Amino acid sequence: MTINLFKGTRIIVGVSGSIAAYKAADLASRLTQAGADVDAILTESALKFVTPLTFQSVTGRRAYTDADLWGAEAHVLHVGLARGASLVVVAPATANTIARLAHGQADNLLTIVALAAECPLVAAPAMDAGMFSHPATQENLEILQRRGARIAGPVSGHLASGLEGPGRMIEPAEILGFIRLTLGRNGGLADRSVVVTAGGTHEAIDPVRVIANRSSGKQGFALAQAALDRGAQVTLISGPVSLPTPVGAVRVDVTTASEMAAAVHAAIGEADALLMAAAVADFRSAQAAGKKIHRSAGTPSITLEPTEDILEAVIEQRARTGHPRVVVGFAAESHDLVESARAKLRSKGLALIVANDILSQDSGFARDDNRVTLLDSDDTVQELPLMSKTDVAEVVIDRLERMLA
Ligand code: CTP
């Protein structure tokens, strides 16, 4: 799946000698699928674990080794690879390669290119726990960080030595998240703070049962990622969903509408924008039972009461504080889409509303695609075709960027 952020980028994937090198092929593949041109450079010790062919096969481009360092084009190769590169990612980064990078040693093709390159550096360490915690490695990592490099991981876990501890390389999907954060840092929302709500809420009937809805959180999480891709500070307030946190987002997990209201209230103090993508319950049980309701007690009747209207409180707060400047609402409708959405846009004082037809066969809840119509306070109606939730997020964040400009 292509990702806007990667269009026209060339990324150098440096692979050093660790058993985690096999995961670097997955990273190179993900970057290629995202739309980047990927130049892999393998160190001599990486060649003990993986081959150039592995990387050529997933990137569709030549992969480089130290043999190229002394080949026919050697005098220009390292400069050519470094010049115009968008980012260098070293994954896995062994203790040895980290030491070389920190001290500007240029004794193999990867470290020469890293020294010649002027673009950002991301390093994903992989080594045994003792090597990682050694003061030498810690100091080397500090040097790299001070110079602006981003250190992605490691995490604690099972290590090749059989030990458990910090030193395990983070997964390729997460490294990709760190790369996005780095590429996007000077984007159109740099220095902006954006709060996104996602997923549905659960309201207790008793300790076992809940009133829930079908929201998967996918659209909200895609919005959070799209905002991160443009350099925003993102707080992601999520109901119960099973989705990984986009790298760089501050995630706040909530269960009920009232918890979500409190989390939104706490997060919007200084925020520039709120994207209210969550499917918040409108009603909850007026008296949730403290103990499980047994079947033998007969069919219970549940009295409902309204939950707090989060957007209403946000608009009141904005009238007092001026934050958040831009509030975007979402409307899930089963009929009269544009009319209902327009009424919500006006009554809730929103800058933009994203409306979708929940009865549409090919989009909506839990799917990867969505078909939405955008209505803004100037009464412009933009009907979008069926597209991925990722692409919908790009369009919405585009509009947000313009509204905040
Ligand atoms: N919303 C909210 N607080 C609630 C319920 C909804 O802030 N208690 C927000 C949603 O996150 C969404 C917008 O209001 O951004 C519209 O939600 P929706 O459920 O479509 O509309 P309602 O206002 O609840 O109206 P209705 O259910 O009658 O369609």
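Mentor: Asp191 lies in the loop that joins helix 9 to strand 8 (193-198); helices (H or I, at least four residues) and strands (E, at least two) are DSSP runs numbered from the N terminus. Although Asp191 is not a glycine, its phi is positive, about 75°. The model is predicted, so local features need pLDDT of at least 70 and side-chain atom pairs count only at pLDDT 80 or more, while totals for chains, interfaces and linings use all residues. Residues are numbered from 1 along each chain as its sequence is written, and side-chain values use heavy atoms, with hydrogens and water left out.

Most residues other than glycine have a negative phi, and most peptide bonds are trans. The bond from Ala91 to Pro92 is cis, with omega near -5°, and Pro92 is part of strand 3 (residues 87-93). The bond from His323 to Pro324 is also cis, with omega near -10°. Pro324 is in the loop between helix 12 and strand 16.

Helix 12 (310-321) and strand 16 (326-333) each give at least two residues to the shell around the ligand, and strand 16 has the largest share, 4 residues. There are 16 residues around the ligand, and Met276, Ala278, Phe330, Lys344 and Lys348 come nearest; near means that a heavy atom of the residue lies within 4 Å. The shell divides into 9 nonpolar, 2 polar and 5 charged residues. In this scheme Ala, Val, Leu, Ile, Met, Phe, Trp, Tyr, Cys and Pro are nonpolar, Asp, Glu, Lys and Arg are charged, and the others, Gly among them, are polar.

One nitrogen atom of the ligand is 2.9 Å from a polar backbone atom of Glu308, and a nitrogen atom is 3.0 Å from one of Ile310. A ligand oxygen is 2.9 Å from a polar backbone atom of Phe330. Taken alone, the ligand exposes 570 Å², and the protein buries 76% of that (Shrake-Rupley areas, 1.4 Å probe).

The ligand sits in the largest pocket, in the sense that more than half of its atoms lie within 2 Å of the pocket's grid points. A pocket here is an open set of points, on a 1 Å grid over the protein atoms alone, where a 1.4 Å probe fits, with protein on both sides within 12 Å along at least five of seven lines; lining residues have an atom within 4 Å of a point. This pocket holds about 950 Å³ of space, taken as the space filled by probe spheres set on points joined across faces, edges and corners. It is lined by 43 residues, of which Ala278, Ala279, Val280, Phe330 and Ala332 lie nearest its centre. Helix 10 (218-229), helix 12, strand 16 and strand 17 (352-357) each give two or more residues to this lining. Strand 16 gives the most, 4 residues. By class the lining has 23 nonpolar, 13 polar and 7 charged residues.

Helix 10 also reaches the second largest pocket, where it has the largest share of the lining, 6 residues. That pocket has about 810 Å³ of space and 28 lining residues, with Met1, Arg180, Gln225, Pro244 and Thr390 nearest its centre.

Key: Polar contact = N/O pair within 3.5 Å; in protein donor to acceptor, adjacent residues only side chain to side chain.
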